[in-house]
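Here is a walk through one structure, taken a step at a time. Keep the view open while you read.

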Amino acid sequence: MTASTAVRRRPAGVGRRLRRWLDWMAIPTIVILAVVIAYPIIEAIRVSFFDYNLLAGEAGAEFNGIENYSKLATDPVFWESLKNTVIFTGGSVVGGGMLGLVMALATENLGGAWRWLRGVLLTPWAIPVIVVSFLFRYVFDQDSGILNALLARVGVADAVPWLTAPEWALASVTAANIWSQAPFFLLIFTAALGSVPTEVIEAARIDRASVWSMIVQIKLSYLRGAALVGALIMTIQNFNNFPLIWSMTEGGPAYSTTTLLIYVYRLAFTTYDLGYASAIGVIWLVLLLFLAGLFVRTLRGDRA
Amino acid sequence: MKTANRLLRRTPAGVIIAIALVITLAPVYWMLSTSFKSPQEATAQNPTLWPHEFGLANYEKLFGGTLPFSNFLVNSIVTSLIAAVASVAIATLAGYSFSRGRYRLRGAVSVLVLATQMLPLVVLIGPLYLLLLKLHLLNTFLGLILGYTSFTLPFAAWMMKGFIDAIPTEIEEAAKVDGYSRFGILVRVVVPMTIPGLVSTMVFVFMNAWNNLLYPLTLMSTNTKLTLPPGLLQSFTGQFKTDWGGMMAAACITSIPLIIAFFAVQRSMVRGMTAGALAGT
């Protein structure tokens with residue numbers, strides 16, 4: 001035992017004997033989370049084994065074993081939503097990450113008064129999600145949207161139905177999401193660039209390294225940890241991204257922008273099939289726990 | 001030669017920054033400019049960069065028309081503010097406990113709390129709906145605020161832990177010698193020292209609540225009790241579908257509180273968020 005812990009735990013002997021299991025200050029948080037998170041999770045797992053209609057409630061629920069789960073295998077919408085989730089999440093993380101990286105590298109050496117420019121680049125982060133969706137619904141509008149107007153001016157004559165054609169909708173929604181999330185990566189990368197040791201940069205400068213090789217060979221290797229952490233945080237967040245997609249397309253046209261989240265929501269609150277919705281939710285919880293485990297391990301490895 | 005070299009080094013960065021600024025600000029400018037346009041101009045095939053007929057009609061319609069916009073606005077402000085204050089009060093206790101507590105389950109509890117941050121809200125909303133139904137809290141602000149805490153409290157607790165970790169313990173030791181209780185130390189010594197962190201955490205919770213669509217959409221059924229996201233969504237996908245001017249005016253007003261709050265505490269909020277995320281284990 002080191003001296004400092006001995007001091008903190010005074011009086012030493014008594015403190016040790018009375019060392020409690022829990023601290024009352026943590027209890028309000030635990031109680032609230034037990035009510036709004038732990039209970040719903042346990043309920044969701046239980047309900048996933050029932051034919052449970054949200055409107056009929058407990059009385060109309062019938063135990064049906066793993067039927068909800070076996071239904072998944074042959075449900076084409078489930079597989080399409082899984083595919084859409086992967087495309088949306090992957091596209092957003094990769095796109096946002098690249099954009100954030102480029103902006104971080106470009107603004108790295110901004111000095112003095114010019115530094116506020118980086119602050120301006122954070123603006124999309126402060127814009128409410130509902131506003132982002134309205135904004136891009138307007139930008140992508142087939143008839144009066146600015147994007148088609150610009151394309152027409154450049155000479156691409158046909159107006160593209162960005163949000164109403166199944167082949168474009170998912171890409172358009174992802175683009176809007178990238179716009180709103182790039183600032184997160186800008187921040188993460190800016191912080192990481194700040195931690196590159198100056199001696200390394202100095203040494204490279206003496207070796208007359210070009211800007212390009214400085215970035216590729218030196219700085220990027222210091223950014224790997226931040227990139228990993230940022231990507232994992234945003235992967236989890238985009239897996240759970242409901243408001244943007246719902247308010248831009250409601251999952252349509254057809255099922256082209258239906259992610260797992262949208263599908264679960266529709267099942268629970270449009271068709272009221274809470275049992276089946278919960279089964280998908282549970283599958284997905286397992287997927288997320290796996291990701292979360294990866295996240296924790298990455299952080300541990302990063303700090304070691 | 002030297003300056004030329006430096007200029008050459010700087011130019012690509014300058015060009016990239018310029019492009020990034022345009023990508024960032026063009027949609028925002030477009031929103032602002034459209035909100036002052038007449039309906040005809042807003043839906044014109046050939047968009048104008050600057051409103052030809054500058055007018056406040058869109059804004060007047062929001063507050064004087066059939067849309068219960070001021071209800072949405074007030075509901076959003078009230079519920080988000082209460083959620084922010086309540087969450088931060090509880091999160092400060094938890095954060096202090098995670099930071100300074102010496103008890104066996106400390107590590108397990110704090111990681112468990114952080115893990116809840118990653119759960120999909122949509123999976124929780126069905127059972128939560130039924131629970132609030134049983135408690136007769138459906139379609140009440142109390143129920144909604146309780147729902148908000150499910151996704152704001154965990155991270156807020158971690159942010160507060162991060163800010164409290166940064167405070168040296170010596171002052172608390174001194175206060176302890178002076179006979180303060182643990183709670184007294186927290187309220188009189190720690191909280192005053194972490195005001196910037198407290199405010200940023202509050203802004204973080206406020207932003208999250210302000211942005212949330214799922215909970216009010218499912219938990220509130222009376223139209224006038226909706227907050228901005230579901231309220232605007234229902235209004236502007238229904239009868240006012242292509243009222244772009246009105247939509248952009250509503251978007252501007254919805255953005256203002258968040259933009260002000262965000263830039264007021266931007267620096268320390270980012271520090272707190274990255275501390276919470278990076279020190280996560």
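Start with Glu43(A). Its relative accessibility is 11%, so Glu43(A) counts as buried. The cut-off for buried is under 20%. Keep in mind that this is a predicted model.

Glu43(A) has a partner. Its side chain meets that of Arg46(A) in a salt bridge, with N to O at 3.1 Å. Arg46(A) has a relative accessibility of 31%, so Arg46(A) counts as partly exposed. Side chains of opposite charge can pair when their charged atoms come close.

How many salt bridges does the structure hold over all chains? The count is seven. One of them joins Glu108(A) to Lys219(A), whose closest N and O atoms are 2.9 Å apart. This pair links distant parts of the chain, 111 residues apart. Glu108(A) is in the loop between α5 (76-107) and α6 (116-121) of chain A. Lys219(A) is in helix α12 (residues 211-239) of chain A. Glu108(A) has a relative accessible area of 24% and is partly exposed. Lys219(A), at 10%, is buried.

Now turn to chain B. The side chains of Lys161(B) and Asp165(B) form a salt bridge, 2.9 Å from N to O. Both residues lie in helix α7 of chain B. They are four residues apart, about one turn of the helix. Lys161(B) has 16% relative accessibility, so Lys161(B) counts as buried. Asp165(B) has a relative accessible area of 38% and is partly exposed.

Next comes the meeting of the two chains. In chain A, 85 residues are in contact with 89 residues of chain B. The size of an interface is often given as the accessible area lost when the parts come together. Between chain A and chain B, the buried area is about 8,400 Å². Carbon and sulfur atoms give 76% of that area. Which three residues supply more than any other three of the area that chain A buries against chain B? They are Met25(A), Phe134(A) and Tyr138(A), which supply 9%.

The rule finds one salt bridge between chain A and chain B. There, the side chains of Arg182(B) and Asp23(A) meet, with N to O at 2.6 Å. Seven residue pairs are in polar contact across the interface. Helix α3 (residues 27-47) of chain A gives the most to the side of chain A that touches chain B, with 13 residues. That side divides into 63 nonpolar, nine polar and 13 charged residues.

Rings come next. Over all chains, the structure holds 28 aromatic pairs. Take Phe269(A) and Tyr129(B). Their ring centres are 5.7 Å apart and their planes are at 75°, so the pair is edge-to-face. Phe269(A) lies in helix α14 (residues 260-269) of chain A, and Tyr129(B) lies in helix α6 (residues 121-134) of chain B, so this pair joins two chains. Are Phe269(A) and Tyr129(B) buried or exposed? Phe269(A) and Tyr129(B) are buried.

Phe151(B) has 10% relative accessibility and counts as buried. Tyr215(B), at 0%, counts as buried.

Rings also gather in a group. Trp125(A), Phe184(A), Phe185(A), Phe189(A), Phe262(B) and Phe263(B) form one aromatic cluster.

End with Val173(A). This residue is found in helix α10 (residues 166-194) of chain A. Its relative accessibility is 0%, so Val173(A) counts as buried. What does Val173(A) touch, not counting residues up to four places away in sequence? Its contacts are Phe88(A), Leu163(A), Leu244(A), Ile245(A), Met248(A), Thr249(A) and Thr257(A). Thr85(A) is 88 residues from Val173(A) along the chain, and their C-alpha atoms are separated by 12 Å.

Conventions. Residues numbered from 1 in each chain as written. Chains lettered and ligands numbered in written order. Predicted model: local features only at pLDDT ≥ 70, side-chain atom pairs only at ≥ 80, totals over all residues. Heavy atoms only, no water. Contact = heavy atoms within 4.5 Å. Buried area = accessible area lost by both parts, 1.4 Å probe. Salt bridge = Lys/Arg side-chain N within 4 Å of Asp/Glu carboxyl O. Polar contact = N/O pair within 3.5 Å; in protein donor to acceptor, adjacent residues only side chain to side chain. Nonpolar A, V, L, I, M, F, W, Y, C, P; charged D, E, K, R; others polar. Phe/Tyr/Trp six-rings, centres within 6.5 Å; stacked < 30°, edge-to-face > 60°. Buried < 20%, exposed > 50% of the residue type's maximum accessible area, 1.4 Å probe, protein only.
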